[in-house]
Amino acid sequence: MPEAGGRILHARSGGIHVLRLLGEVRYPLAPALDAWLRKLFEEDPAPAGFVIDLSETEAIDSTHLGLLARLNNRLRQVGAPRATLVTGRPDISEVLMSMGFDEEFNLVGPDGKPVVLEGFTVAEGDADEANDETLASTVLEAHQALMNLNERNREQFKDVVAILELEQAERRGGVS
């Protein structure tokens, strides 16, 4: 049974990486996932592919959707195929499709055969571990990536991104 606080697990087979997002995947997990993905894409060789298993995801926020969009863009930059998203809940599938993820990712329904791999935890839900600046930066960058996924998202998230940019500038003392 998924955990309400949320967890992100990772496994790898060859150059293919699998992320399992469990429970309620909310923004406090984002800085750890973002840092881990940045480090992963700095390694040589870069990932050859990604499968993101959302079959036990109870909720996923826009910050994580933005991180997934950015992950898919990074895959393209290194010449890897687009990521595959395994969805298990109709409500999450609907959100993914409404954001245009079906145009940029391979979406697989619950009838797909799951691959069971041993792995380790990438992030666990503990809002106290993320410092405010890292969290704010991760949320902003994830929403920028989500906004840049397609024109519909650009229009939908432009105001959110503007507010996040303003808040970050205020936090840094750039706006009075």
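Predicted model: local features only at pLDDT ≥ 70, side-chain atom pairs only at ≥ 80, totals over all residues.
1. Across the structure, the count comes to 12 salt bridges. As background, side chains of opposite charge can pair when their charged atoms come close.

2. Among the individual pairs, have a look at Arg20 and Glu56, whose closest N and O atoms are 2.5 Å apart in a salt bridge. Arg20 sits in strand β2 (residues 16–25), while Glu56 belongs to the loop between β3 (49–54) and β4 (57–60), so this pair ties together parts that are 36 residues apart in sequence. Are the two partners buried, partly exposed or exposed? Arg20 is partly exposed, at 28% relative accessibility, and Glu56 is partly exposed as well, with a relative accessible area of 30%.

3. Another pair worth a visit is Arg172 with Glu133, a salt bridge with an N to O distance of 3.0 Å. This one links distant parts of the chain: Arg172 lies in the segment after α6 (151–171), Glu133 lies in helix α5 (residues 132–147), and 39 residues separate them. With a relative accessible area of 58%, Arg172 counts as exposed because the cut-off is over 50%. Glu133, with 30%, is partly exposed.

4. For a local pair, turn to Glu151 and Arg154, which meet in a salt bridge at 3.1 Å, N to O. These residues are three apart in helix α6, so about one helical turn separates Glu151 from Arg154. Glu151 is exposed, its relative accessible area being 53%, whereas Arg154 is partly exposed at 31%.

5. Now to the packing of the two helices that carry some of these residues. Two packed helices are described by the angle between their axes and the distance between the axes. For α5 and α6 the angle is about 155°, and the axes are 9 Å apart. That angle makes α5 roughly antiparallel to α6, because values over 145 degrees fall in that class. The crossing of α5 past α6 is left-handed.

6. Which residues make this contact? On the α5 side they are Glu133, Ala136, Ser137, Val139, Leu140, His143, Gln144, Leu146 and Met147. On the α6 side they include Arg154, Phe157, Val160, Val161, Leu164 and Arg171.

7. Finally, the interior. In soluble globular proteins, nonpolar side chains tend to be buried together. The largest nonpolar core here has 39 residues, and those with the most contacts inside it are Leu19, Phe50, Ile52, Leu71 and Phe101. Two or more residues of this core come from each of β2, α1 (30–42), β3, α2 (62–77), α3 (90–98), α5 and α6.

8. Which residues does Leu71 contact, leaving aside its neighbours within four places in sequence? They are Leu19, Leu37, Phe41, Phe50, Ile52 and Ala83. Leu19, Phe50 and Ile52 are themselves among the core residues with the most contacts.

Notes: Residues numbered from 1 in each chain as written. Heavy atoms only, no water. Salt bridge = Lys/Arg side-chain N within 4 Å of Asp/Glu carboxyl O. Helix = DSSP H or I, 4+ residues; strand = E, 2+ residues; numbered from the N terminus. Buried < 20%, exposed > 50% of the residue type's maximum accessible area, 1.4 Å probe, protein only. Core = buried A, V, L, I, M, F, W, Y, C linked by side-chain atoms within 4.5 Å. Contact = heavy atoms within 4.5 Å. Axes fitted to C-alpha atoms, helices over the stretch in contact; angles between N-to-C directions. Parallel < 35°, antiparallel > 145°, perpendicular 65-115°, else oblique. Left-handed = near helix turned anticlockwise from the far one by under 90°.
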